[in-house]
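Please look at the sequence and the model below. The paragraphs that follow go from the sheet to the helix, the core and the aromatic rings.

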Amino acid sequence: MWFDKTDSRAVFTDRRREVITLCDGRVVQVAPEITADFTDLPFPDESFRLVVFDPPHLVNCGKRGWLAQKYGRLVASWEDEIQAGFEECFRVLRPEGVLIFKWSEVQIPLFRVLALTDQRPLFGHTGTAPTTYWMTFMKESKHD
């Protein structure tokens with residue numbers, strides 16, 4: 001989704017750092033600035049005005065399949081993982097900060113994912129595929 005992963009206004013994190021050659025010969029480079037799991041981010045509370053949360057959305061795929069290699073895969077206890085991810089995103093988000101969340105419900109329906117956070121999106125839309133959703137959340141201010 002990034003136009004430029006090296007843009008100085010952004011910090012790109014991923015739990016993987018690798019170069020992958022897909023079955024069709026394409027090369028995918030996962031090269032985050034900071035290698036970190038989205039369930040345990042190495043940033044102080046309220047560090048960011050904007051957070052983008054685009055977790056893996058597949059559970060049922062082979063570990064070495066091209067989708068898992070390119071996008072990552074969720075663990076069997078994916079509910080705990082996604083819930084912890086939401087908590088971390090809101091922890092590092094400043095009051096009145098914005099969280100952009102992307103989800104593809106190819107295997108897991110969106111309503112099951114949204115049930116994992118007490119926060120509610122303000123608005124969103126489907127992407128180019130009718131199963132991909134983009135949502136915008138805003139963290140409440142401390143005085144609300």
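Which residue in β6 does Val52 stand opposite? Val52 stands opposite Ile100 in β6. The model in which this pairing is found is predicted.

The two strands β5 and β6 pair in the parallel sense, over 5 bridges. They belong to an open sheet of 4 strands with the order β5-β6-β8-β7 and mixed pairing. Strands β5 and β7 (123–126) stand at the edges with a single partner strand each, so one side of each has no neighbour in the sheet. From one strand to the next, the twist averages 10°.

The other pairings in the sheet run as follows. β6 and β8 are antiparallel and are joined by 7 bridges; Phe101 stands opposite Met135 in β8. β7 and β8 also run antiparallel, joined by 4 bridges, and the bridge partner of His125 in β8 is Trp134.

Strand β6 also holds Ser104. Ser104 counts as buried because its relative accessibility is 7%, and buried means under 20%. Not counting residues up to four places away in sequence, Ser104 touches His57, Thr131 and Thr132. Another residue in strand β6 is Glu96, which counts as partly exposed at 48% relative accessibility. The phi of Glu96 is near 65°, a positive value in a residue other than glycine. Glu46 also has a positive phi, near 55°. Glu46 lies in the loop between β4 (34–35) and β5 and counts as partly exposed at 28% relative accessibility. As background, most residues other than glycine have a negative phi.

Helix α2 touches β5, β6 and β8, and its direction makes about 150° with that of β6.

Leaving aside neighbours within four places in sequence, Ile82 is in contact with Phe38, Phe53, Pro55, Pro56, Leu74, Trp103, Val113 and Leu116. In general, nonpolar side chains in soluble globular proteins tend to be buried together.

The aromatic rings give another view of the structure. It holds 8 aromatic pairs. One of them is formed by Phe53 and Phe101, at 5.4 Å centre to centre with 45° between the planes, a tilted pair. This pair links distant parts of the chain, with Phe53 in strand β5 (residues 48–53) and Phe101 in strand β6 (residues 93–104), 48 residues apart. Both partners are buried: Phe53 has a relative accessible area of 3% and Phe101 one of 0%.

Why does the pair of Phe90 and Phe137 count as edge-to-face? The ring centres are 5.9 Å apart and the planes of Phe90 and Phe137 are at 80°, and planes over 60 degrees apart count as edge-to-face. Because Phe90 lies in helix α2 (residues 78–92) and Phe137 in strand β8 (residues 132–138), the pair ties together parts that are 47 residues apart in sequence. Phe90 is buried with a relative accessible area of 8%, and Phe137 is buried with one of 0%. Ring pairs link Phe38, Phe53, Phe86, Phe90, Phe101, Trp103 and Phe137 into a cluster.

Terms used. Residues are numbered from 1 along each chain as its sequence is written. This is a predicted model: local features need pLDDT of at least 70, side-chain atom pairs count only at pLDDT 80 or more; totals for chains, interfaces and linings use all residues. Side-chain values use heavy atoms; hydrogens and water are left out. Rings of Phe, Tyr and Trp (its six-membered ring) pair if their centres lie within 6.5 Å; planes under 30 degrees apart count as stacked, over 60 as edge-to-face and the rest as tilted. Buried means under 20% relative accessible area, exposed over 50%, partly exposed in between (1.4 Å probe, protein chains only). Two strands pair if DSSP finds at least two bridges between them. Axes are lines fitted to C-alpha atoms, for helices over the stretch in contact, and angles run from 0 to 180 degrees between N-to-C directions. Contact means heavy atoms within 4.5 Å.
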